[in-house]
Each structure stands twice: as C-alpha cells, then as structure tokens.
Amino acid sequence: MSRKDVMVPFEHQQSAHCETGVISNLMRFHGLRVSEPMAFGIGSGLFYSHMPFLKMNGIPVTSYRILPGHIFKRFSRNVGVKMERASFRDQDQAMRALDDVLDQGLPVGMLTSVFYLPYLPKAFRFHFNAHNIVVFGRRGDEYLVSDPVMEATTTIHRTALVRARFAKGTPNTNGRMYYPTKVPIDADLKQAAAKGLRRVARDMSNTPLPMFGSKGITYLAHRLRNYERRLGSRRALLYVGNLIRMQEEIGTGGAGFRFMYAAFLQEAASLLNRPELREKAMEMTAIGDQWREFAFEAGRLVKGRAEAGSDLNTLADRLQRIGEQEQRFFKELARTSR
Amino acid sequence: MKKEEVPQDDANMLEGKFKVVKYALNEDGEYEKVPSVGWEPENVALQQAWSVINEQVAEARRKVEAGQCSTLAYHMEVNMMDPALLSKHAGVPARSVKRHLEPAEFAALDERTLQRYAEALQLTVAELKQLPA
C-alpha cells in the first residue's frame with residue numbers, strides 16, 4: 001500500500017503572490033524562465049473590482065486582481081502551455097492521482113484552503129479557499145510543499161493535506177490539482193507579454209459596469225462617503241479595514257499588485273523594446289505609492305489614531321484621485337498598445 | 001516604493017516563520033523582491049479582523065455557559081464557521097445545524113451525527129461536548 005519516497009528536484013523561489021509564484025516556479029522546472037511579474041503581466045492579472053452585492057463574512061468584496069485561477073488560464077493560453085487539470089469527489093482518489101503524478105517525477109500544483117495549512121502563521125489562517133501550492137515529493141506520510149509565499153519549502157502531513165484540498169465554502173476546493181504536460185521552452189514571450197498587456201489596458205479602461213476596472217475605484221470612493229451614515233462607524237471601519245487587507249496582506253507584493261505590475265512594465269520595456277513602458281512603470285509606481293498612503297490613512301482611522309481633519313471623506317478623496325489617475329493611465333496604455 | 005521604504009513593522013503576525021515579499025525599486029531604479037516583516041496598517045487591519053472573531057467566540061462561550069446555546073455553537077465560532085459552512089463540512093443539513101445549536105437538541109444527538117461534527121471541527125466527540133477551560 002505505502003509507496004516509495006519520492007523527491008522531485010524542484011527549485012523553490014519565494015514570491016509575493018501564490019498563483020503567479022506557482023506559475024513562475026512550475027515554468028522554471030519545465031525549462032521556461034518567467035519571473036513572477038512577467039507571469040502576472042502575461043496572465044493579465046491586474047484588475048479592480050468592488051462588488052457591494054457580493055459579500056464575504058458580511059463585507060463587500062473588493063479585489064485588485066482578476067478571479068483566482070484565471071491568471072494561470074490566461075498565461076497558459078498566451079504562452080501555449082498545455083495543462084492537465086483534475087478535481088475529485090473522492091479523497092483517496094485525489095491523493096492517489098497526486099501520488100501517481102509525483103511518481104512520474106513531476107511537481108503538482110493544487111488548490112488549498114489557508115485555514116487548513118498548519119505551517120502558515122495563525123493570524124493569516126482564514127477560510128480562504130483559493131491558495132495555490134506545489135507538492136513536489138513524499139516522505140512516508142509527509143508531503144513536500146513549495147508554498148510560494150514562504151521563504152523555504154516545508155512539509156505537510158497527508159491528513160492535513162487532504163483536509164486543505166477538500167475544504168468547503170466559496171469555492172469548494174474539490175481536490176483540484178494541475179500540472180503542465182507541455183511547456184514550449186522556445187515560446188514567444190514577446191507576443192505573450194504584448195497580448196497580456198493589451199488585455200489589462202483594455203479591461204481596466206473599458207469594462208462597461210461601474211464597479212469594474214479603474215472606474216470601480218471612483219465607484220467605491222463615492223460609496224465610501226456614505227459608509228458612516230449607512231453603516232454606523234463600527235461597521236464602516238470594518239469595511240475600511242477589509243480594504244487594507246485586500247490591498248496589502250500577503251500576496252499582493254504591495255499596493256494591491258500595483259508594484260508588481262510596475263515591475264512587469266519595466267521588464268516588458270526591454271523585452272518589447274518599448275522604452276516608453278519604463279516611464280509607464282514609474283507612473284504606476286507613483287500610483288502605487290498613493291495606494292499606500294491611502295492604506296496608511298485608513299489604518300490610522302481603524303486604529304482610532306487619525307490626524308485632525310482625517311475622516312472617511314478625506315479617505316474617499318484619495319480614492320477618487322487614484323481612480324482618476326488609473327483611468328487616465330490605462331486609457332493611455334490601451335491607446336499606445338494597440 | 002523604494003527598497004529602503006519597504007516597511008518593517010513587526011507585530012509578530014508571521015510568528016517569525018518567514019518574511020513576505022514586496023516589490024520595490026533598488027538603487028538603480030529597477031524593481032526587485034524585498035523581504036518585509038509587516039506593515040502597521042496591515043497589522044491594524046488584521047488585528048481588527050481577529051478582534052471581531054474573538055468577540056464572537058467570547059459571546060458564544062457566554063451563551064453556552066448561560067445555557068442558551070449548545071457547545072456546538074462555541075466550537076463553530078472557534079472554527080470561524082457559520083451554520084451554512086459547518087453544514088457543508090459536516091454533511092448535516094443547514095437547518096439541522098441551526099437546531100443543534102440549541103442545548104436540548106444537541107443533547108439528544110446520536111453518536112453518528114456527533115462524530116460528523118467532531119470530524120468537521122477537528123475535535124474528538126468528548127471535546128465537542130465541552131467548553132475548553
């Protein structure tokens with residue numbers, strides 16, 4: 001019954017974000033070197049949405065990126081990577097499938113819930129069911145794990161891994177796993193990066209609904225002004241605290257992925273031989289810095305240590321300015337990237 | 001954000017287990033990965049989220065002690081679940097879960113259902129029936 005130990009020679013590199021980190025690490029294993037920001041840019045991961053009607057734990061969802069799993073999908077499509085994906089109803093079957101792929105000498109990416117990953121710090125373990133990790137080996141009942149947000153690799157007991165792979169909620173993780181079956185090591189990254197860039201520029205500047213794209217930022221600014229009246233100050237501050245977390249907590253690389261995107265623009269400038277993208281990278285950096293000032297003021301408000309004159313209205317003013325700048329930024333990027 | 005501006009506000013959120021990565025500009029104006037132990041606004045927002053959870057757990061404990069709720073209600077809060085999520089994890093219909101939050105209903109549960117709850121909440125049946133000290 002018990003299988004031989006196996007350890008795939010997998011090079012772990014720490015990343016800011018789980019999904020882009022898994023892409024970068026898996027691609028390197030298969031012979032294609034793509035940095036994390038490049039994976040993010042090619043997968044056109046940057047986005048913005050604020051959805052008052054969609055709540056998690058009673059708080060409206062705000063996101064600085066596209067839906068979980070979609071960065072990987074777009075990346076694979078743009079680069080021509082073929083992926084095998086599977087999800088399971090049966091836990092034993094899911095573990096058998098994992099063991100089979102490991103025995104072939106391949107690392108396996110999978111979806112887990114951070115609540116059930118005992119190696120993560122307690123403070124970060126919420127029911128968040130879209131955390132990506134790579135399993136690259138097995139030693140008895142312990143599995144070897146490359147969790148992209150951690151500095152080093154770690155291990156997890158089989159029982160714990162089963163639990164993390166079969167968490168319920170939004171979404172059910174269903175034992176989902178994936179691994180590349182074909183990675184074109186001579187892929188045309190230029191074309192892929194140009195495509196990814198066009199997509200972000202278009203979606204950020206041109207999504208019709210008010211809550212999506214860079215307009216979503218000014219949409220939230222507008223709503224923020226009414227929070228205190230509508231929600232009372234306690235709930236209003238809970239909503240604001242959640243904005244900080246979505247923007248800065250593990251996984252965004254700072255300023256809600258804006259710095260990671262600036263890093264992509266820098267890389268893309270040389271790759272595509274478009275020096276003006278270096279200037280765009282600096283503009284994005286300046287926007288990212290304003291996101292950080294927003295979080296800083298928000299943090300003071302949440303802590304009850306706001307400076308005189310600072311309130312949800314001044315916070316909304318900041319958001320309004322950021323939104324207007326991002327609208328200009330992405331319109332311009334869309335225009336010059338056709 | 002410049003490399004030297006990457007915040008290092010340690011509130012022990014990461015328990016010293018690792019540092020997280022931020023992207024920042026180095027001396028040559030190039031982006032690179034820079035480790036960080038945390039940032040004050042992040043820490044504040046996390047603490048805020050935890051204080052809400054801790055309040056809910058304390059409230060559940062008070063209700064159990066007052067005989068208004070079963071111990072299941074307490075363990076559900078500790079696991080940051082609501083009846084809907086617990087229902088999915090335990091495979092017990094959500095309406096039944098709500099009923100089992102009442103002491104009398106919970107006391108009448110059969111071993112099999114207790115086992116399901118215990119498994120879902122990572123407890124033994126004996127632990128499930130008690131409040132921890």
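Two residues are in contact here if their C-beta atoms, placed from the backbone, lie within 7 Å. Keep that cut-off at hand for the tour. The model is predicted.

**Stop 1: Tyr261(A)**

Select Tyr261(A). Leaving out residues up to four places away in sequence, Tyr261(A) touches Phe40(A), Gly41(A), Leu46(A) and Met284(A). Now widen the selection to the core around it. Tyr261(A) is listed with Val135(A), Met260(A), Ala298(A) and Leu319(A) as the residues with the most contacts inside the largest nonpolar core. That core has 115 residues. Colour helix H10 of chain A, residues 276–303: H10 gives the core its largest share, 10 residues. A second, separate core holds 18 residues, including Tyr74(B), Ala90(B), Leu101(B) and Tyr117(B). In soluble globular proteins, nonpolar side chains tend to be buried together.

**Stop 2: chain A as a whole**

Zoom out to chain A. Chain A carries 11 helices and nine strands. Its C-alpha atoms fill a box of roughly 65 × 50 × 30 Å along the principal axes. For 338 residues, a compact globule would have a radius of gyration near 20 Å, and the 21 Å of chain A agrees with that. Of the 338 residues, 51% are buried. Take the contacts in chain A between residues at least 6 apart in sequence: 69% of them join residues at least 24 apart.

**Stop 3**

Most residues other than glycine have a negative phi, and most peptide bonds are trans.

- Select Thr170(A) and Pro171(A). A cis peptide bond joins them, with omega about -10 degrees. Pro171(A) sits in the loop between helix H5 (158–165) and strand S9 (177–182) of chain A.
- Select Ala255(A). Its phi is positive, about 55 degrees, although Ala255(A) is not a glycine. The loop between helix H8 (227–248) and helix H9 (258–271) of chain A holds Ala255(A). Is Ala255(A) buried or exposed? Ala255(A) has 28 other C-beta atoms within 10 Å, so it is buried; the threshold is 20 or more.
- Select Asn273(A). Here too phi is positive, about 55 degrees, in a residue that is not a glycine. Asn273(A) lies in the loop between H9 and H10 of chain A. Asn273(A) counts as exposed because it has 9 C-beta neighbours inside 10 Å.

**Stop 4: Asp90(A)**

Go to the loop between strand S4 (82–86) and helix H4 (91–103) of chain A, where Asp90(A) lies. With 11 other C-beta atoms within 10 Å, Asp90(A) is exposed. Draw a distance from Asp90(A) to Val302(A). They are 212 residues apart along the chain, and their C-alpha atoms are separated by 44 Å.

**Stop 5: where chain B meets chain A**

Show both chains. How many residues of chain B are in contact with chain A? There are 30, and they contact 38 residues of chain A. On the chain B side, strand S1 (20–25), helix H1 (40–65) and helix H3 (83–90) each supply at least two residues. H1(B) gives the largest share of that side, 10 residues. Colour the chain B side by class: 20 residues are nonpolar, two polar and eight charged.

**Stop 6: H3(B) against H6(B)**

Select the contact itself: Leu86(B), His89(B) and Ala90(B) from H3(B), with Arg116(B), Tyr117(B) and Ala120(B) from H6(B). By class, these are four nonpolar, one polar and one charged.

Notes:
Residues numbered from 1 in each chain as written. Chains lettered and ligands numbered in written order. Predicted model: local features only at pLDDT ≥ 70, side-chain atom pairs only at ≥ 80, totals over all residues. Helix = DSSP H or I, 4+ residues; strand = E, 2+ residues; numbered from the N terminus. Nonpolar A, V, L, I, M, F, W, Y, C, P; charged D, E, K, R; others polar. Rg over C-alpha atoms; globule rule 2.2 N^0.38 Å. Buried ≥ 20, exposed ≤ 12 C-beta atoms within 10 Å, placed from the backbone. Core = buried A, V, L, I, M, F, W, Y, C linked by C-beta atoms within 7 Å.
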